[in-house]
Amino acid sequence: ESAEESAALRDEAEKRLAGARRLRNGAMVVTHLALPLLGFFYYLHITYCTPGAYSLFAVCEWTIAVCTTLFIHARLRISIGASPLLFSFVEQVPVCSSPSTLPASSHSYVLSPSKSKYQ
């Protein structure tokens, strides 16, 4: 692997991590904006029975749920970074097979999408 290829892989990994950081930060900001609105709309619903207040409360609630999921996904992407991932593939064998038909071993592959300083 040449120095240019290595630098290109590092740059690509940095771009992906920067995108994950933007997603994480955006999800956090939207969640913090939706929290006070959630409380406000719930207060309107309980205190004044304002039409549509509970629907807006539900929209804020779902917004927080989706942003929390996005935040966790982005945080995991940042934590894992470009670490190698291990995938194992095992051949399926019928239950009644004789020992001679069993596979010799499972096949394991290490996938390393890129080299970065986080590895």
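Analyst: Contact here means heavy atoms within 4.5 Å. The model is a predicted one. By that contact criterion, the buried residues of α2 pack against α1.

User: What order do the elements of the protein chain follow from the N terminus on?
Analyst: The secondary structure of the protein chain consists of 2 helices and 2 strands. Read from the N terminus, the order is α-α-β-β.

User: In which element of the protein chain is confidence lowest?
Analyst: The protein chain has an average pLDDT of 80, and 67% of the residues score at least 70. Confidence is highest in helix α2 (residues 53-80), with a mean of 94. The lowest mean, 46, belongs to strand β2 (residues 107-111).

User: How many contacts beyond four places in sequence does the model have for residues 106-112?
Analyst: For residues 115-119, pLDDT stays under 50, and the model has 14 contacts beyond four places in sequence. Over residues 106-112 pLDDT also stays under 50. For residues 106-112 the number of such contacts is 22.

User: How far apart are the end C-alpha atoms of helix α1?
Analyst: Helix α1 covers residues 3-48, which is 46 residues. At 1.5 Å a residue, the helix should span 68 Å. The distance in the model agrees with this, at 67 Å.

User: What does α2 reach from its first C-alpha to its last?
Analyst: α2 has 28 residues, for which 40 Å is expected at 1.5 Å a residue. The distance in the model is close to that, at 41 Å.

User: Which element do the buried residues of α1 pack against?
Analyst: The buried residues of α1 include Ala13, Leu17, Ala20, Ala27, Thr31, Ala34, Leu38 and Phe41. An α-helix has 3.6 residues a turn, so residues three or four places apart point the same way. The buried residues of α1 pack against α2.

User: Which residues of α2 are buried?
Analyst: Buried means under 20% relative accessible area. The α2 residues that count as buried pack against α1. They are Ala53, Phe57, Cys60, Ile64, Cys67, Ala74 and Ile78.

User: Is Cys49 buried or exposed?
Analyst: Cys49 follows α1 and is found in the loop between α1 and α2. Its phi is near 50°, a positive value in a residue other than glycine. The cut-off for exposed is over 50% relative accessible area. Because its relative accessibility is 59%, Cys49 counts as exposed.

User: Which residue just after α2 takes a positive phi?
Analyst: The phi in question is about 60°. The residue just after α2 that takes this value is Gly81.

User: What accessible area does the nonpolar patch on the surface have together?
Analyst: The patch is formed by Leu23, Trp62, Val66 and Leu70. Its largest share, 3 residues, comes from α2. Together the four have an accessible area of about 380 Å².

User: Why does Val66 count as partly exposed?
Analyst: Val66 is found in helix α2. Partly exposed lies between the buried limit, under 20%, and the exposed limit, over 50%. Val66 counts as partly exposed because its relative accessibility is 46%.

User: What share of the residues of the protein chain count as buried?
Analyst: The accessible surface of the protein chain comes to about 8800 Å², and 67% of that belongs to carbon and sulfur atoms. Of the 119 residues, the share that count as buried is 18%.

Notes: Residues are numbered from 1 along each chain as its sequence is written. This is a predicted model: local features need pLDDT of at least 70, side-chain atom pairs count only at pLDDT 80 or more; totals for chains, interfaces and linings use all residues. Side-chain values use heavy atoms; hydrogens and water are left out. pLDDT is the predictor's confidence in each residue, from 0 to 100. Helices (H or I, at least four residues) and strands (E, at least two) are DSSP runs, numbered from the N terminus. Patches are made of residues with over 30% relative accessible area and no salt bridge: like charges are joined within 9 Å, nonpolar side chains (Val, Leu, Ile, Met, Phe, Trp, Tyr) within 5 Å. Accessible areas come from the Shrake-Rupley method with a 1.4 Å probe; for residues, only the protein chains shown count as cover. A salt bridge is a side-chain nitrogen of Lys or Arg within 4 Å of a carboxyl oxygen of Asp or Glu. Buried means under 20% relative accessible area, exposed over 50%, partly exposed in between (1.4 Å probe, protein chains only). The expected span of a helix is 1.5 Å times one less than its number of residues.
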